[in-house]
Amino acid sequence: MLFPPTISERPHRVVVTGVGIITAYGAGWEKNAEGFRWGRTTFKPVTLFDVSRQRVQKAAQAELPDSIPFGNLSRRKQHRLERAAKLLFCAAHEALQQSAGAQDLAVPLVLGTTSGGMSRGEEFFRAAISAGNSRAGQATRVTHYLAQRQALDLAEAFGIRGPISIIANACAAGANAVGHAFRTVQSGQFECAIAGGYDALSQLVFAGFDSLQALSPTACRPFDANRDGLALGEGAAILTLETLQSATKRGAQIFGEIVGYGAATDAHHLTQPHPHGDAALMTMQAACREAGVQPAQIAYINAHGTGTPLNDIAETHAINRWAGADVEKIRVSSTKAGIGHLLGAAGAVETVACLMALKEQWLPPMTTTVTPDPEVRFNLVPKPMKAKELSQPFEYALSNSFGFGGANASLLFRKFP
Amino acid sequence: MSSVYISGLGAVSPAGWSVAALRDALAKEQLLPSTELPHGNPGRTRPLPVMRVPPPNPRPAFLGHSRLRRTSPITQFAVAAALEALGPRDPATTRKIGVIVCVFSGCVNYSRRFYDEALKDPATASPLVFPETVFNAPASHISAYLGSSAINYTLVGDAGTFLSGVATGAKWLLDGAVDECLVVGTEEIDWLIADAVRLFDRTKFLSEGAGAILLRKEGSVKLEAITDENLYHVTGKTAALAEMRQQLEGSARPVDASNPESSRPLLIDSTSHEKGISKEETLLWKDWSGSRLSPKKTLGEGLMASAAWQVVAAADALMNQRARETIVSIAGFHQHAVGARLTVA
């Protein structure tokens with residue numbers, strides 16, 4: 001029953017036993033770990049749709065593998081999948097393979113997205129306004145526009161039978177999805193959960209960010225004094241979350257532990273954060289309070305760091321306030337400098353970046369940032385860095401995700417063991 | 001574990017801008033009048049029949065709020081329903097209010113408008129319209145209007161997602177993440193979605209509006225149970241619906257043997273016709289001998305708003321002593337069957 005939920009008396013420790021990822025760096029752990037570790041940038045002209053009349057023409061477009069892992073999905077349904085679903089399938093397949101045996105598959109599936117199958121929605125609209133009376137294919141197009149269709153196809157392909165939640169909290173959706181699944185496992189409602197985020201580049205969303213003049217006409221430079229906007233990307237990341245007890249019992253590979261989740265709402269403006277980052281501060285504090293961790297213990301923050309003037313100054317103020325006297329001990333970077341802003345996938349992809357960094361003991365640099373904003377009091381990571389160069393152990397990493405509508409979320413991870 | 005209660009209700013529907021208007025319309029059990037919406041494709045002359053929310057009279061004061069003046073109807077309906085559920089209160093007494101907004105198709109008016117502009121000339125596509133296309137715009141506006149910094153989710157899915165949202169809100173309440181939680185289901189009409197709905201069922205009238213409930217740790221209606229999300233792709237639609245019914249009846253109070261008819265719960269189902277998409281749910285409850293309400297037969301197909309109206313109607317019947325127990329049956333289009341059981345506290 002969804003309610004009343006079955007809840008343990010004591011919270012469970014939650015670990016990650018499956019990780020799947022696809023971005024402009026490529027598909028899989030190795031390609032992405034290599035990209036994050038060296039801070040490679042991946043921006044190139046968009047070829048998925050016409051950008052000739054846009055102010056900005058570049059994005060971090062992912063390359064789909066030649067063979068998509070469709071699982072048990074019928075051939076007919078495979079042909080109907082659109083780009084975002086294919087990205088989702090790639091990430092999910094990798095995560096589920098790694099954690100095979102964890103899930104009896106009656107486990108919840110929690111996904112974050114901002115635009116679901118938007119490219120099919122765009123096709124539906126173009127066909128609906130076109131001349132002629134043919135409605136062929138329209139039912140399929142509109143069905144595959146809906147975010148629940150991608151989730152249902154994924155569940156069917158890989159035999160996932162538990163409840164489906166699709167959180168559409170704009171650019172924090174991926175982090176909220178991971179956080180929501182974390183709560184579900186932590187509370188004992190489920191022993192395991194599949195969670196993550198996905199979004200593909202689409203014409204509507206690209207034009208939207210361009211209309212806001214939020215896209216950088218130069219390069220995405222988070223926390224740089226001369227930053228002038230964000231860059232869009234696409235991809236997906238899926239994680240298998242499991243109780244430590246269950247993972248240990250079956251001898252599973254553990255990629256890291258989730259120890260804190262904070263979520264809050266910034267009511268300042270629909271598209272602009274509060275200039276002092278009040279809600280961001282609340283989410284960071286909440287995640288750390290839950291874990292019983294002080295800022296000085298956190299060596300690295302994977303910032304939301306979009307590269308827009310307004311986001312980065314608000315986040316800078318929030319981190320400065322949160323860390324207080326310990327702010328100079330904190331290292332901060334934004335992986336959006338390399339692969340762009342993945343919107344609903346961002347929080348999940350950046351979760352994976354944090355797990356990779358903790359596991360392999362390096363910090364992801366942002367190589368495009370040259371002149372730090374004068375308000376920045378923490379240490380940026382402008383070039384590749386090994387954890388042993390730090391003056392403290394690299395045990396905890398915090399990830400921030402902030403979205404349109406003031407959806408703010410922070411996740412805190414610990415190295416395992 | 002503490003209990004969770006519904007302590008406030010709100011509704012905007014083709015019947016009007018209040019729960020009272022919804023209640024009166026449902027009591028008459030007659031389909032409300034429809035209007036005709038021109039098709040957005042000039043080549044299509046056949047209009048689309050829809051059931052619109054009547055213009056508010058007087059204009060709600062909240063529309064003067066700086067965040068709300070440019071919003072599309074989906075947000076206006078959601079805010080109106082949320083404020084009715086909260087009831088008159090001193091903002092200073094407002095506590096940590098979680099917000100969960102559930103949608104099926106979401107902010108279609110501005111999405112369609114913005115994409116149309118972008119196709120014609122992206123250089124002049126409106127930056128004022130784009131932010132309102134984002135799924136979580138209505139939820140953000142509610143939190144902003146209330147000045148709440150508490151957790152806020154927008155959930156997308158089939159209609160039963162409204163009950164998943166109620167379960168999530170109840171969990172936040174029990175975890176102490178929030179002091180109260182608004183759960184809102186909302187939708188707006190656009191020719192594009194009206195056209196889409198008719199691809200699947202030509203007997204349906206698309207409608208619009210919102211329903212809202214306020215969850216607290218005290219109140220007059222007790223949330224007894226929400227079933228599993230019974231997924232169609234796992235067992236098939238008929239079996240998923242049967243499982244939902246079994247879970248609802250398995251958790252119900254025993255029927256009073258001396259007065260079996262009047263002691264049965266009031267059933268609020270999601271059927272609209274006996275055929276088409278409603279066929280399986282109609283068959284599921286064919287043998288139901290208790291009282292029954294089918295809001296879609298009065299209000300049309302409001303997608304997520306319909307699910308919210310069902311729950312509002314179920315709680316309202318308990319608040320007004322028209323039943324002592326209600327069950328809600330929601331059969332989604334293609335995802336799931338989910339049900340809930342409510343009682344007088």
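Student: Over how many bridges does strand 1 of chain A pair with strand 9 of chain A?
Tutor: Strands are DSSP runs of E with at least two residues, helices are H or I runs of at least four, and both are numbered from the N terminus. Strands pair if DSSP finds at least two bridges between them. Here A:V14 has A:I258 in strand 9 of chain A as its bridge partner. Strand 1 and strand 9 (residues 256–265) of chain A pair in the antiparallel sense, and the number of bridges is 3.

Student: What kind of model is this?
Tutor: Residues are numbered from 1 along each chain as its sequence is written, chains are lettered from A and ligands numbered from 1 in the order in which they are written, and side-chain values use heavy atoms, with hydrogens and water left out. Local features need pLDDT of at least 70, side-chain atom pairs count only at pLDDT 80 or more, and totals for chains, interfaces and linings use all residues; this is a predicted model.

Student: Is strand 1 of chain A enclosed or open?
Tutor: Buried means under 20% relative accessible area, exposed over 50%, and partly exposed in between (1.4 Å probe, protein chains only). In strand 1 (residues 14–23) of chain A, 10 of the 10 residues are buried, so the strand is largely enclosed.

Student: How are the rings of A:F89 and A:F158 arranged?
Tutor: Rings of Phe, Tyr and Trp (its six-membered ring) pair if their centres lie within 6.5 Å; planes under 30 degrees apart count as stacked, over 60 as edge-to-face and the rest as tilted. That rule gives 18 aromatic pairs over all chains. Both A:F89 and A:F158 are buried. Their centres are 5.8 Å apart and their planes at 50°, so the pair is tilted.

Student: What about A:F209 and B:F130: which residues make up their ring cluster?
Tutor: A:F209 and B:F130 form an edge-to-face pair, 5.7 Å centre to centre with 65° between the planes. This pair crosses between chains, from helix 8 (residues 203–211) of chain A to the loop between helix 3 (108–120) and helix 4 (137–146) of chain B. A:F209 and B:F130 are both buried. Ring pairs link up a cluster of A:F209, A:F404, B:F114 and B:F130.

Student: Last one: which residues of helix 12 of chain B meet helix 1 of chain B?
Tutor: Helix 1 (residues 19–28) and helix 12 (residues 304–319) of chain B pack at about 85°, with their axes 11 Å apart (axes are lines fitted to C-alpha atoms over the stretch in contact, and angles run from 0 to 180 degrees between N-to-C directions). Contact means heavy atoms within 4.5 Å. From helix 1 of chain B come B:V19, B:L22, B:R23 and B:L26, and they meet B:W309, B:V312, B:A313 and B:D316.
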